[in-house]
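Please look over the sequence and the model shown below before reading on. The report that follows takes a few places in turn.

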Amino acid sequence: MSIRLRGFLQFLGAGAIFAGLLYWLSLQYQGGGDNRAPGGIFSLIFMMIPGGFSMAGLIQAISGVPFSELSDKWNSLKGWQRGLYGFGIFLLVATLLFGGIAVYLVMTET
């Protein structure tokens, strides 16, 4: 099995678990009026585990490099390349984050 396919399957499997936990958490918030996570901070930390595996699978699917070798590939880049790629990744993540927040605020404005 290729690393891209294995990464994609990891992304789908762990992403489905993360989505299920996120759905469960949203149901818990709707049921109670105190806006606190059930189980405290540990339930949110527990949700980060499948989320992290999902992101690792996505990185493997996009790059075609096993996650364990990714650090060596990154360090082999020249300094300006790391800076350029790092800044591009930062802009992409910031755009997705703030775009998601803006969509959420527009959707809940009613």
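## Ala19 in helix H1

Ala19 has its place in helix H1, which covers residues 3-31; helices here are DSSP runs of H or I with at least four residues, numbered from the N terminus. With a relative accessible area of 41%, Ala19 is partly exposed, a label for values between buried, under 20%, and exposed, over 50%, found with a 1.4 Å probe on protein chains only. Between the C-alpha atoms of Ala19 and Met47, which are 28 residues apart along the chain, the separation is 9.3 Å.

## Basis of the model

This is a predicted model, in which local features need pLDDT of at least 70 and side-chain atom pairs count only at pLDDT 80 or more, while totals for chains, interfaces and linings use all residues. Residues are numbered from 1 along each chain as its sequence is written, and side-chain values use heavy atoms, with hydrogens and water left out.

## Helix H2

Helix H2, residues 41-63, has 23 residues and reaches 33 Å from its first C-alpha to its last, close to the 33 Å expected at 1.5 Å a residue, where the expected span is 1.5 Å times one less than the number of residues. Among the buried residues of H2 are Ser43, Met47, Pro50 and Gly51. After H2 comes Gly64, whose phi is positive, near 75°.

Ser54 lies in H2 and counts as buried at 4% relative accessibility. A polar atom of the Ser54 side chain is 3.4 Å from the backbone oxygen of Phe11. Leaving aside neighbours within four places in sequence, Ser54 is in contact with Gln10, Phe11, Ala14 and Gly15, contact meaning heavy atoms within 4.5 Å.

Gln60, also placed in H2, is buried with a relative accessible area of 8%. Not counting residues up to four places away in sequence, Gln60 touches Ile3, Arg4, Gly7, Gln10, Val65, Pro66 and Phe67.

## The largest pocket

The largest pocket has a volume of about 620 Å³. Of the 15 residues that line this pocket, the closest to its centre are Ile59, Ile62, Ser63, Leu70 and Ile89; a pocket is an open set of points on a 1 Å grid over the protein atoms alone, where a 1.4 Å probe fits, with protein on both sides within 12 Å along at least five of seven lines, and lining residues have an atom within 4 Å of a point.

H2, helix H3 (70-75) and helix H4 (79-107) each supply at least two lining residues, and the largest share, 6 residues, comes from H4.

How values were computed. Grid points are joined across faces, edges and corners, and a volume is the space filled by probe spheres set on the points. A polar contact is a pair of N or O atoms within 3.5 Å; within protein, one must be able to donate a hydrogen and the other to accept it, and residues adjacent in sequence count only if both atoms are side-chain atoms.
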